[in-house]
Amino acid sequence: MKTIRLEVLGSVLILLLLSACASQPVTAVKYDWMQEVINYETRLGPDHLDSVENLYQVTPEMRATVVARFGKLPKLRALRKMAQWLIDEDGKNMQYNMEANYAPIEAFYRNEGNCLSFTLMLIQLADEIGITLNANEVDIPDLWGENEDRGLVYYRHVNAMYRSDRYTQVFDLAIQEYRAGFPQRFINKRSAAALLFSNLGVQFMQQEDYDTALHYLKLAVSVDAKNPDLWINLSAALRRTGQVNKAEQGYLYAHQLNPRESLAASNLERLYRGQGKLQAADRFQKLASRVRNKNPYLHFYTAQKAFDQRDFGTAAKAVKRAIKLHDKDPQFYELRSRIYQVERKYIAALRDLEKAHNISLTPSERGRYANKVDLVLAAVKQQAEDRQKRFERLTLPQFRR
């Protein structure tokens with residue numbers, strides 16, 4: 001088990017959250033079985049063991065502990081102290097475990113969790129002392145490729161975020177995976193619970209316990225029926241249990257909910273190709289490729305690779321495309337600044353570093369970009385001095401004594 005310490009990010013700026021979700025189509029075809037899935041939570045009833053209400057429960061001991069320790073502190077200080085206490089060795093000493101999809105009670109007493117379970121627990125403990133924390137869903141680029149390979153959406157990075165008129169504060173058990181520039185969005189407590197149910201469903205599916213898997217995957221969809229990721233996971237389970245027609249319909253519905261996401265199209269391409277329906281498979285393969293081409297991080301990684309190979313023309317075109325698709329990540333501007341520096345376009349390089357500095361949310365990150373500005377200014381000064389020396393050599397008359 002890997003231990004990952006919590007770090008806290010603070011800023012006087014208000015975080016601008018970019019939603020990566022597509023607008024919902026007006027017409028999305030639903031079948032009868034889909035409506036039954038959407039009603040699944042209602043049929044279970046509010047007292048069911050796996051209800052959202054039960055998921056967010058805390059014990060009297062948990063409530064009394066956080067109230068006694070943090071209840072009288074100012075909000076932001078209380079949150080910082082509580083988050084630190086949860087992971088300090090002389091506190092709860094919580095450990096990171098990606099597979100630990102636990103409800104708040106279980107995470108608290110087992111002293112472990114993944115980013116999602118830690119976030120749900122912290123949000124609920126904060127609620128017990130009258131502080132509102134938001135669940136923040138983050139698109140981690142490195143994980144998009146993994147989702148494509150597996151045909152599943154198992155791991156969504158989620159952290160907790162406190163926002164006031166003056167401060168934005170992030171609480172993240174796996175902070176090394178998070179960047180403020182990544183596409184991200186606030187989700188409500190029900191949507192966060194649905195992610196946990198879906199993760200549990202995928203865990204049981206990997207264990208080939210399909211009855212339990214289908215229970216949690218149906219529950220996830222029922223709690224947040226507009227999330228296409230949840231329909232994709234449910235459809236994968238339906239396909240593995242031989243319900244191919246339902247799986248196809250589920251993938252199609254997920255694709256209709258968000259045509260800008262490639263995973264549903266990729267799954268449909270695999271399904272149709274396996275059935276020998278090559279024309280349909282080719283169509284969805286093209287759709288998936290078209291969507292992936294709109295992934296800003298794909299273009300950013302292309303630019304990085306080209307830069308490392310000193311192909312600065314390709315790097316410049318690729319990073320320009322990345323910025324056009326997503327202009328909130330400072331590392332895009334930093335890379336373009338490096339390209340400008342190689343080309344000795346120092347004014348443009350400084351302009352991009354200033355942009356990177358301005359959209360950064362942490363003091364350490366802003367300090368790093370400020371230091372880079374100093375280096376570019378030094379290069380500009382050296383360039384000016386070299387030009388002056390060359391000018392003097394060319395224009396001053398040569399005398400012999």
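Student: How many helices and strands are there in the protein chain?
Tutor: Welcome! This is a predicted model, in which local features need pLDDT of at least 70, side-chain atom pairs count only at pLDDT 80 or more, and totals for chains, interfaces and linings use all residues. Residues are numbered from 1 along each chain as its sequence is written, and side-chain values use heavy atoms, leaving out hydrogens and water. Taking DSSP runs of H or I with at least four residues as helices and of E with at least two as strands, numbered from the N terminus, the chain has 19 helices and seven strands.

Student: What share of the 401 residues is buried?
Tutor: Buried means under 20% relative accessible area (1.4 Å probe, protein chains only). Among the 401 residues of the protein chain, the buried share is 49%.

Student: How far does helix H13 reach from its first C-alpha to its last?
Tutor: H13 covers residues 263–274, twelve in number. At 1.5 Å a residue, times one less than the number of residues, the expected span is 16 Å. Close to that, the model's H13 reaches 17 Å.

Student: Which residue with a positive phi follows H13?
Tutor: H13 ends at residue 274. After the helix comes a residue with phi near 80°, and this is Gly-276.

Conventions: Buried < 20%, exposed > 50% of the residue type's maximum accessible area, 1.4 Å probe, protein only.
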